[in-house]
Amino acid sequence: MSRCWLTGASSGLGAALALQLLEQGHQVALGGRNQEALEPLAAAWPHQVLLIPGDIERADDVRAMVERIEAAWGGLDVAILNAGTCEYLEPDHFDASLVERVIRTNVLGLCHCLEAVLPMLRQGRQPHLVVTGSSVDWLALPRAAAYGASKAAVRYLVESLRIDLVSQGIDVTLISPGFVDTPLTRRNDFPMPQRWSAERAARYIVKHLPRRPLEISFPFPFIPILRLLGALPGRWRLKLGQHLARGEKD
């Protein structure tokens, strides 16, 4: 079984992924800011769980997490970099500090993790890098400028890294989910078509990870429809976005 590092494990999709991985017998280093939320899993699987709480926005925290993994296990085979956040911009008030918060977590926090973990993955057994992005980067949506920009950056970062890492034997998978029922999405004030439970999403992801695909996206047919809409001419996408924005106000 693999030695895995999972970030964002204290709630939502991360918590559901942790449970799935542990039930399959993997060793899992659980990362997250809320240690109290991680402790029940450590108590239930004491020989499989390594608690490494910390904040991915702090480079020192991330380095300390990876150092603890190396000290405890001597190496790492799979890194599932799942931590992220979401905030929406209001159309009448562009808030640069909001954009900074989202970018700091979703992009810079991810980069802190990559910087710390890639040297250890290079020494792992059949190393696999997995990053959670979003399907939002296929189609611009109202108020999602900060979140969508961060996830578009994640996609480019992952796809570029994949080119560089393939010669080093590190497989790279991008997870691009649709709507998943989590504490973050429960704050949304708009319809979320085909929303999956975190447990269903985690089962789907863990089922497909062994094949090491370039990308894992779900659900069907939401994802193909979204990609099709994202391929429309620019003015058509603008009209669609305006229609969605009016729908949110209604």
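How many aromatic pairs does the count come to? In this predicted model, the count comes to 4 aromatic pairs.

Another pair is formed by Trp196 and Phe218. Here the ring centres are 4.9 Å apart. The planes stand at 15°, and the pair is therefore stacked, since planes under 30 degrees apart count as such. Trp196 is part of strand S8 (residues 196-197), while Phe218 is part of strand S9 (residues 215-218). The pair thus ties together parts that are 22 residues apart in sequence. Trp196 has a relative accessibility of 9% and so counts as buried. Phe218 is buried too, with a relative accessible area of 1%. Ring pairs also bring in Tyr204, which forms a cluster with Trp196 and Phe218.

A charge over a ring is found elsewhere. The charged end of Arg143 sits over the ring of Tyr88. Its distance from the ring centre is 5.6 Å.

The strands come next. An open sheet is built from 7 strands, in the order S3-S2-S1-S4-S5-S6-S9. The pairing is parallel. Strand S3 (49-51) and S9 stand at the edges. Each of these has a single partner strand, so one side of each is left without a neighbour in the sheet. From one strand to the next, the twist averages 15°.

Within this sheet, strand S4 (residues 78-81) pairs with strand S5 (residues 128-132). The two run in the parallel sense and are joined over 4 bridges. Ala79 stands opposite Leu129 in S5.

Two helices that pack on the sheet can be described in turn. Helix H5 (residues 145-165) touches S5, S6 and S9. The direction of H5 makes about 160° with that of S6. Helix H6 (residues 198-208) also packs on the sheet, touching S6 and S9. The direction of H6 makes about 150° with that of S9.

Methods: Residues are numbered from 1 along each chain as its sequence is written. This is a predicted model: local features need pLDDT of at least 70, side-chain atom pairs count only at pLDDT 80 or more; totals for chains, interfaces and linings use all residues. Side-chain values use heavy atoms; hydrogens and water are left out. Rings of Phe, Tyr and Trp (its six-membered ring) pair if their centres lie within 6.5 Å; planes under 30 degrees apart count as stacked, over 60 as edge-to-face and the rest as tilted. Buried means under 20% relative accessible area, exposed over 50%, partly exposed in between (1.4 Å probe, protein chains only). A charge sits over a ring if NZ of Lys or CZ of Arg is within 6 Å of the ring centre and within 35 degrees of the ring normal. Two strands pair if DSSP finds at least two bridges between them. Axes are lines fitted to C-alpha atoms, for helices over the stretch in contact, and angles run from 0 to 180 degrees between N-to-C directions. Contact means heavy atoms within 4.5 Å.
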